[in-house]
Amino acid sequence: MSTTDRPVPAAGTKRSRTRRGVLDAVDRLLAEGNSYTELSVARIIAESGISRSTFYTYFSDKGALLRSAVDDLGPEVNAAGQAWQDVDATIDRDGLRAILGNVIRTYQPHARMMAEVYAAGSHDPLVREKVDELMGHSIRGLRRHIERGQRAGFVDRRLLPLETATWLVWMFERTQHQDLAHADDAEIDAMIDALTDLVWDTLYAPARR
Amino acid sequence: MTSLTRSSGVNRTARRQEAHDKLSTALESALRAGTPFTRITVDELIEQSGVPRSTFYLYYADKSHLLRAVSSGLSSAYLEACEDWWHLPPDGTREDLRRAFDRMLESYLPHQHLLAAVIETSSYDHEVSADYRSLLELHFDEVAEHIRRGQADGSVAAHVDADHAARWITHLVERGLYEFAADAADDERERYLTAWTDIVWNALYAAAR
């Protein structure tokens, strides 16, 4: 964790509302088709309706704003992902679909912002650190799930837990940012169905044959 | 080269190819040395390659244009390396699939820095992004076709949704190569290759065999 990050204010406080307001403003600007690199701080504060000095009270620069978005979203996504990690031998395809669908739907409203976070990670080391934390958390969680499922006999024993988890978590990341961020509802449903098949067939089905 | 043949079309093509090759080598070595694409200047490329400035600007509007030209050649080579997978015979084995993926990885490795620059630049350069999108679209289509052919001959599970599965699997491959498989040490890379094979094998073929 970077020492330059300010602590996230408790939800509901004025500070937190102001901060959230700026992130929402950026969400709107991205939804209009602007790219984050092209957005000026002036444009962001105009959309947020706050002063320049207030903006800089919360965010030292545009990179700090992206890190702040990760701090907001991380716990929410991790909580949705936890339901997958807790899956046991009683899981069936419908149950898996509900869990994966919830992960995708939770992430969806933030997908454009998060796509910018991941893109910025390629040149901003502090942002990259946040990305690595988030991905590390998901990969470790899925790895533990695979290992536990292999011991209990409901996950294909042949799979390498760490490497399989790494491929799958990065697949989520890329598909969510490149495809789902711009997809309509019907397309998202079809993608969730296809993902459910892929995960079911990869992890669970071979252990039932 | 004699002045008699200088104006022939063949030599113009050869000169253009020579400039392209020298500039492409200069660009790849700068990227390999760790210089981010945004910091590489046309001046440096001219100096490193020995290609005269006037020649550079005869063929390329700017360095993004050069990046697009170089990557388009590499993309064709990479797509060719995908053929063993996309034309995996109906009786192809897990080992055959692993060899096909190994060939894709081997084709990606020498140019990983250039391809990474394309991915990173595509987050803010519209033309690079359009090129990259069309490469991905081509990949989606080829994978979807491969799945449909396999379903017709019984080698791919009938329940797989070809178009949507193709999107997830294409992103799995693209992100894995970019994020971790290319940078991995040898033994680690073998493990990633195994996990990649097992995921795609389970997701597409295992249930049909």
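1. A crossing of two helices is called left-handed if the near helix is turned anticlockwise from the far one by less than a right angle, and right-handed if clockwise. By that convention, the crossing of H7(A) and H8(A) is right-handed. Helices (H or I, at least four residues) and strands (E, at least two) are taken as DSSP runs, numbered from the N terminus.

2. The structure is a predicted model, in which local features need pLDDT of at least 70, side-chain atom pairs count only at pLDDT 80 or more, and totals for chains, interfaces and linings use all residues. Residues are numbered from 1 along each chain as its sequence is written, while chains are lettered from A and ligands numbered from 1 in the order in which they are written.

3. Chain A contains 9 helices and 0 strands, and its pattern along the sequence reads α-α-α-α-α-α-α-α-α. The C-alpha trace of chain A spans about 60 × 40 × 35 Å along its principal axes. Of the 209 residues in chain A, 38% are buried; a residue is buried if 20 or more other C-beta atoms lie within 10 Å of its own, exposed if 12 or fewer, and partly exposed in between, with C-beta atoms placed from the backbone. Among the contacts in chain A with a separation of 6 or more, 67% are between residues 24 or more positions apart. Two residues are in contact if their C-beta atoms, placed from the backbone, lie within 7 Å.

4. Helix H7 (residues 125–152) of chain A and H8(A) have axes that come within 8 Å and cross at roughly 130°. That angle makes H7(A) oblique to H8(A). Axes here are lines fitted to C-alpha atoms, for helices over the stretch in contact, and angles run from 0 to 180 degrees between N-to-C directions. Angles under 35 degrees count as roughly parallel, over 145 as roughly antiparallel, 65 to 115 as roughly perpendicular and the rest as oblique.

5. On the H7(A) side, the residues that meet H8(A) are Met135(A), Ser138(A), Ile139(A), Leu142(A), Arg143(A), Ile146(A) and Glu147(A). Their counterparts in H8(A) include Pro161(A), Leu162(A), Ala165(A), Leu168(A) and Val169(A). The contact of H7(A) with H8(A) divides by class into 9 nonpolar, 3 polar and 3 charged residues. In this scheme Ala, Val, Leu, Ile, Met, Phe, Trp, Tyr, Cys and Pro count as nonpolar, Asp, Glu, Lys and Arg as charged, and the others, Gly among them, as polar.

6. From H4(A) the contact draws on Gly63(A), Leu66(A), Ala69(A), Val70(A) and Leu73(A), and from H6(A) on Met113(A), Met114(A), Glu116(A), Val117(A) and Ala120(A). Its class composition is 8 nonpolar, 1 polar and 1 charged residues.

7. Is Lys130(A) buried or exposed? Lys130(A), which is placed in helix H7 of chain A, is buried, because 25 other C-beta atoms lie within 10 Å. Leaving aside neighbours within four places in sequence, Lys130(A) is in contact with Arg67(A) and Val70(A). Trp200(A) is 70 residues apart from Lys130(A) along the chain, and their C-alpha atoms are separated by 30 Å.

8. Chain B has 10 helices and 0 strands, in the order α-α-α-α-α-α-α-α-α-α along the sequence. Its C-alpha trace spans about 65 × 35 × 30 Å along the principal axes. Buried residues make up 37% of the 209 residues in chain B. Residues 24 or more positions apart provide 64% of the chain B contacts with a separation of 6 or more.

9. The domain assignment of chain B gives domain 1 (1–60) and domain 2 (68–208); such bounds come from an automatic or database domain assignment. The C-alpha centres of these two domains of chain B lie 30 Å apart. Their contact takes 8 residues from domain 1 of chain B and 8 residues from domain 2 of chain B. The domain 1 side of this contact comprises 4 nonpolar, 2 polar and 2 charged residues.

10. Between the chains, the contact takes 31 residues from chain A and 31 residues from chain B. On the side of chain A, helix H8 (161–178) and helix H9 (185–204) each supply at least two residues. H8(A) gives the most to this side, with 10 residues. By class, the side of chain A that touches chain B has 13 nonpolar, 9 polar and 9 charged residues.
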